[in-house]
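Today I'm looking up charged pairs and aromatic rings.

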Amino acid sequence: MTDSTSPLTAYPVWDKTVRIFHWLNVLCVLGLIAIGTVILNAKALGVPSDGKILLKTVHVYIGYVFAANLTWRIIWGFIGSRYARWSAILPFGTEYRRQLSAMITGVKSAKPVGFLGHNPIARLMVALLFLLLTIQAISGLVLAGTDVYMPPFGNTIKEWVATDSTTIELVKPYSKEGVDEQAYKAMRDFRKPFISTHYYVFYILLVAVFLHLVGVVVTEVKERNGLVSAMFTGNKVFSDKPFDS
């Protein structure tokens, strides 16, 4: 914990790209969760077919922003600043083992060690969140094509289920016009593992986000190093030099 009587030193940690990604990702995930929840309960809420198509279309457009933002962050993990890189995020490697050892030693000696980047426990959670977000992005893009025939796979799916090349443009969501029933059934069978994955990872992601928020609040209260404000300013504050500075 930071000693409130000691002078504090501000250390830069999160670059602008990381901060923009974080808050844009928060907005996208909140939007996707909200609309996804309505879609899942559309029947109980009395949403008609046209309403479901509209909801799914909006869901997909937000998903495009989410996927593009996530893709850029994955790339930035290879070329970005020190604490943005995967070597400082993923819970692997010699440096991670050193940090974990220092953290455990600090807890045992009642002298907690400060970390400028993610601490070893947070690295586990962040790795899990990135994995879940990536699974949702990939499965969501597939579902966009198999459900409402939107890019990047929508045209390919249309060609698959159309009776022939002359009826491709007739294929529309929730319509059987121009659709070959056997091909459509085969497409829906292909779709099943993707929708099951998207569905169950949705709930796992909700739990992971909740645990992430709890961890952030607890760490902020205990350490008072500006964990939350760092995602706005880019800086954390410490009375003692952080282990990974």
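Which residue does aspartate 147 form a salt bridge with, the closest N and O atoms being 2.7 Å apart? I get lysine 56 as the partner. My cut-off for a salt bridge is a side-chain nitrogen of Lys or Arg within 4 Å of a carboxyl oxygen of Asp or Glu.

Ground rules before I go on. This is a predicted model, where local features need pLDDT of at least 70 and side-chain atom pairs count only at pLDDT 80 or more, while totals for chains, interfaces and linings use all residues. Residues are numbered from 1 along each chain as its sequence is written, and side-chain values use heavy atoms, with hydrogens and water left out.

**Entry 1: salt bridges**

I searched the whole structure and found 6 salt bridges. Back to the pair from my question: aspartate 147 lies in helix α5 (residues 120-147) and lysine 56 in helix α3 (residues 49-79), so this bridge ties together parts 91 residues apart in sequence. (Helices are DSSP runs of H or I, at least four residues, numbered from the N terminus.)

Next I checked accessibility, taking buried as under 20% relative accessible area, exposed as over 50% and partly exposed as in between, with a 1.4 Å probe and protein chains only. Lysine 56 counts as buried at 13%, and aspartate 147 counts as buried at 12%. Aspartate 147 also forms a salt bridge with arginine 188, with the closest N and O atoms 4.0 Å apart. Arginine 188 sits in helix α7 and aspartate 147 in helix α5, so that pair ties together parts 41 residues apart in sequence. I have arginine 188 down as partly exposed, at 27%.

Then I looked within helix α7. Aspartate 189 forms a salt bridge with lysine 192, the closest N and O atoms being 3.5 Å apart. The two are 3 residues apart in helix α7, about one helical turn. Through shared partners, salt bridges join Lys56, Asp147, Arg188 and Arg191 into one network.

**Entry 2: rings**

I count 12 aromatic pairs in the structure. Tyrosine 199 and tyrosine 203 have ring centres 5.2 Å apart and planes at 75°, so I log them as edge-to-face. For pairing I use rings of Phe, Tyr and Trp (its six-membered ring) with centres within 6.5 Å; planes under 30 degrees apart are stacked, over 60 edge-to-face, the rest tilted. Both tyrosine 199 and tyrosine 203 are in helix α7 (residues 181-223), 4 residues apart. Tyr199, Tyr200, Phe202 and Tyr203 form one aromatic cluster.
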